[in-house]
Amino acid sequence: MDVGLVALLRLTWVAAILPIILASLRLRPFHQTILGVAKRGKTMHPSSSKFTVPQRFFSHFYMAGTLWTTLLLLTTWLYACTAGSTSSTIFALHKSHRVWRTVFLLWLMEAQVLRRLYESLYVFHYRPLARMHIFGYFIGMSYYIVAPLSLCCTCAPEVFEFTLDLVSEGRKQWQPLEVIGGNRFPLWLRWKQWVGSAIFLWGWIHQLRCHGSMRAGGEEYVIPKGDWFEIVSSPHYLAEIVIYVGLLIASGGADITIWLLLAFVVTNLGFAAAETQKWYIGKFEDYPKHRYAMIPFIF
């Protein structure tokens, strides 16, 4: 089951990445299809209401992501505490470190989806006519199920079996107070986790600032200014990439599944950033010509 889940997740990411790459190369019909699905909000014409849903449904992504990530985090944490309390051999200690590292990744992901949920409910004020393609909606919902699962796929089958055992048999030997008191989580952090979390926090803070700047114009579209908006048109996308680079480093960088997750984030946001850049240039005659689309001095 372990290998099967990992292989399925990797195939899923590859299947999602390839059409976006082909669309970015302007190959029809890939470009028109991906463009139609990806359009939303300001890049979608208000009259395009067929097969669309309100853009405010974005909050559904983060609701689902928060619930799912919280479930994965709690069950993995309980499993790590139980497994860690019996770790004695070198193999068992390595396994315990792997599980605790996964708990750390899920904590970071939890911080991300919770902040995005807050922003979607209280920071962003979606316009009444703003729409997004219904297929794009389902892709977004799927993403926030598959992405957290990808962060914990190497131990997810073990956690699933542990959770079933916990629910069905009760596991009388498990003592909640001992588990909480015996939490050795900080001891499992290595330099990659510290560096990864620092990079994650750097991107997390900048994305928070950029999302605030995007709302500075109120109900009217204006040229965003401040923070990374001074150098790129879509700094919130750049910050998202920085966040996932932090997750990759914190994971240790050995899991191809997380590399593919990052590759999807880069290709997907790169495609969206190119369209956003085109929209800004067409909308504002005085749009700063020195701004790159997403990555300074590169793209």
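Visitor: Where in the chain does D227 lie?
Guide: Helices (H or I, at least four residues) and strands (E, at least two) are DSSP runs, numbered from the N terminus. This is a predicted model, where local features need pLDDT of at least 70, side-chain atom pairs count only at pLDDT 80 or more, and totals for chains, interfaces and linings use all residues. Residues are numbered from 1 along each chain as its sequence is written, and side-chain values use heavy atoms, leaving out hydrogens and water. As for D227, look in the loop between α8 and α9.

Visitor: What is the phi of D227?
Guide: Most residues other than glycine have a negative phi. D227 isn't a glycine, yet its phi is positive, at about 55°.

Visitor: Is F297 buried or exposed?
Guide: Buried means under 20% relative accessible area, exposed over 50%, and partly exposed in between (1.4 Å probe, protein chains only). F297 is found in the segment after α10, and its phi is positive too, near 70°. Its relative accessibility is 72%, so F297 counts as exposed.

Visitor: How many helices and strands are there in the protein chain?
Guide: Follow the sequence and you get the pattern α-α-β-α-α-β-α-α-α-α-α-α. Tally that up and the protein chain has 10 helices and 2 strands.

Visitor: Which stretches does UniProt annotate as "transmembrane region"?
Guide: The label comes from an unreviewed entry, and such annotations may be inferred rather than shown by experiment. One of the stretches, residues 6-25, is 95% helix and 0% strand, with its end C-alpha atoms 29 Å apart. Another, residues 241-274, is 88% helix and 0% strand, but there the end C-alpha atoms lie 15 Å apart. The annotation covers residues 6-25, 57-79, 130-151 and 241-274.

Visitor: Which residues touch the most other members of the largest nonpolar core?
Guide: A nonpolar core is a set of buried Ala, Val, Leu, Ile, Met, Phe, Trp, Tyr and Cys residues joined through side-chain atoms within 4.5 Å. The largest one has 70 residues, and its members with the most such neighbours are W13, M109, Y143, Y244, L247 and L261. Helices that each supply at least two residues of this core include α1 (2-24), α4 (90-123) and α10 (256-283).

Visitor: What is Y143 in contact with?
Guide: Contact means heavy atoms within 4.5 Å. Setting aside neighbours within four places in sequence, Y143 is in contact with W13, P148, Y244, L261, F264 and V265.

Visitor: How much space lies in the second largest pocket?
Guide: On a 1 Å grid over the protein atoms alone, a pocket is an open set of points where a 1.4 Å probe fits, with protein on both sides within 12 Å along at least five of seven lines. Points are joined across faces, edges and corners, and the volume is the space filled by probe spheres set on them. For the second largest pocket, that comes to about 240 Å³.

Visitor: Which helix gives the most to the lining of the second largest pocket?
Guide: Lining residues have an atom within 4 Å of a point; there are 12 of them here, and W68, L72, L149, A156 and F160 are the closest to the centre. The lining divides into 10 nonpolar (Ala, Val, Leu, Ile, Met, Phe, Trp, Tyr, Cys and Pro), 2 polar and no charged residues (Asp, Glu, Lys and Arg are charged, the others, Gly among them, polar). Both α3 (58-84) and α6 (156-169) supply at least two residues. With 5 residues, the top contributor is α6.

Visitor: How far apart in space are F160 and T76?
Guide: F160 sits in helix α6, and at 46% relative accessibility it counts as partly exposed. In sequence, F160 and T76 are 84 residues apart, but C-alpha to C-alpha the gap is 8.8 Å.
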